[in-house]
Amino acid sequence: MTGGFVEALAEAIRQKGPISVAHFMAAANAHYYATRDPLGVAGDFTTAPEISQMFGELVGVWLADLWDRAGRPQAHYVELGPGRGSLAQDALRAMALAGLTPCVHFVETSPALRGVQAERVPGAIFHDDISTLPNDAPLLIVANEFFDALPIHQLIRGRADWHERRIASQGRLFLPVADKAVPESLIPKALRDAPVGSIIESAPASVAIVTALTKRLGAQGGAALIVDYGYDGPAIGETLQAVKGHSYSNPFDAPGKQDLSAHVDFATLGAGAALAGATVSGPVGQGAWLRALGIEARAAALNKASPTRAAEISAARERLAQPDAMGTLFRVMALRAPHWPEPAGF
Ligand code: SAH
């Protein structure tokens, strides 16, 4: 089946010409996620909610606190790309303890993962994209390792000009080529004189989603929590990466068989949200945010409840929060309706 996908993609490129990196990434990831559950030790990569229940619980505590200070309105829990549904399950349990029992909406395109999510969170309502989310109440939105999976474009510096990078095919091989020159006005001023071969990435699909969510928050109330690995761009550097079986490989090999992702440009996403009217908090490092939310106390409570798991709980806490693990590469940013209270942890 994957063979069929690779051949069809190569054939389409042969017929219509090289496709943008964004087109390649979107097609490859759609096939990849549709045909498997990639998460966990037996899969290709492990995410924070799969490391420990503490992650989702603290997200739930964060949302419940914000909701409480907003006057405890009726609200919808919305998760973008919920994976195995673990984060939602842990967050919903923590929220329920605080009296928050929202309607659950999952924005998910993968039929395989929808199946796993429906088992974990019975009653969740599925959406293909954010346009069908309800508009009758505040939205409590969570996106962990979602934006990194969305398509990015790449521009590469040639001898005289900048060019969009496109993907050509040769048999079953895919390789990046430089397309015709783009106007210099598309390149941020500070980056225009970068050395030959430099690469800049942009993620218009991500900015469009953040802008649309911000408009919803402004009209309906609520907040969004975005957690991902990232940087403050625009900047020189290629971050597109492929992961298979917990190791890195060439992103242009084997489309649909490995996870493609790119680091998230938090500065550009935050600026897009602010422009659309959101009040933005962060980004701050995931470690600092988790500590502010009380990960130490949560780990101590779990230890007390199951002393035989002490080593495992302590290792998970360190992996989530230590600077040499996920504590600083991963960042947390919040958007909210300007009339909503300031969120905790920033
Ligand atoms: N949030 C989860 C899973 C991260 S993997 C976790 O932290 O464990 C990325 C998730 O986003 C998967 O559920 C994948 O199927 C979903 N996804 C990827 N591209 C998507 C898109 N364009 N629209 C909706 N969901 C998407």
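A polar contact is taken here as a pair of N or O atoms within 3.5 Å; within protein, one atom must be able to donate a hydrogen and the other to accept it, and residues adjacent in sequence count only if both atoms are side-chain atoms. The structure is a predicted model, in which local features need pLDDT of at least 70 and side-chain atom pairs count only at pLDDT 80 or more, whereas totals for chains, interfaces and linings use all residues. Residues are numbered from 1 along each chain as its sequence is written, and side-chain values use heavy atoms, with hydrogens and water left out.

An N or O atom in the side chain of N144 lies 2.7 Å from a ligand oxygen, and the corresponding distance for the side chain of T47 is 2.6 Å. At G83, a polar backbone atom is 3.0 Å from an oxygen atom of the ligand. On its own the ligand has 570 Å² of accessible area, 90% of which the protein covers (Shrake-Rupley method, 1.4 Å probe).

A pocket is an open set of points, on a 1 Å grid over the protein atoms alone, where a 1.4 Å probe fits, with protein on both sides within 12 Å along at least five of seven lines; lining residues have an atom within 4 Å of a point. Of its 21 lining residues, E201, S202, A203, D265 and T268 lie nearest the centre. By class, 14 are nonpolar, four polar and three charged. Strand β9 (199-202) is among the elements that supply at least two lining residues each, and β9 gives the most, with three. Helices (H or I, at least four residues) and strands (E, at least two) are DSSP runs, numbered from the N terminus.

Two cis peptide bonds may be described: G233 to P234, with omega near -5°, and G282 to P283, with omega about 5°. P234 is placed in the loop between β10 and β11, whereas P283 belongs to strand β15.

Technical notes:
Ala, Val, Leu, Ile, Met, Phe, Trp, Tyr, Cys and Pro count as nonpolar, Asp, Glu, Lys and Arg as charged, and the others, Gly among them, as polar.
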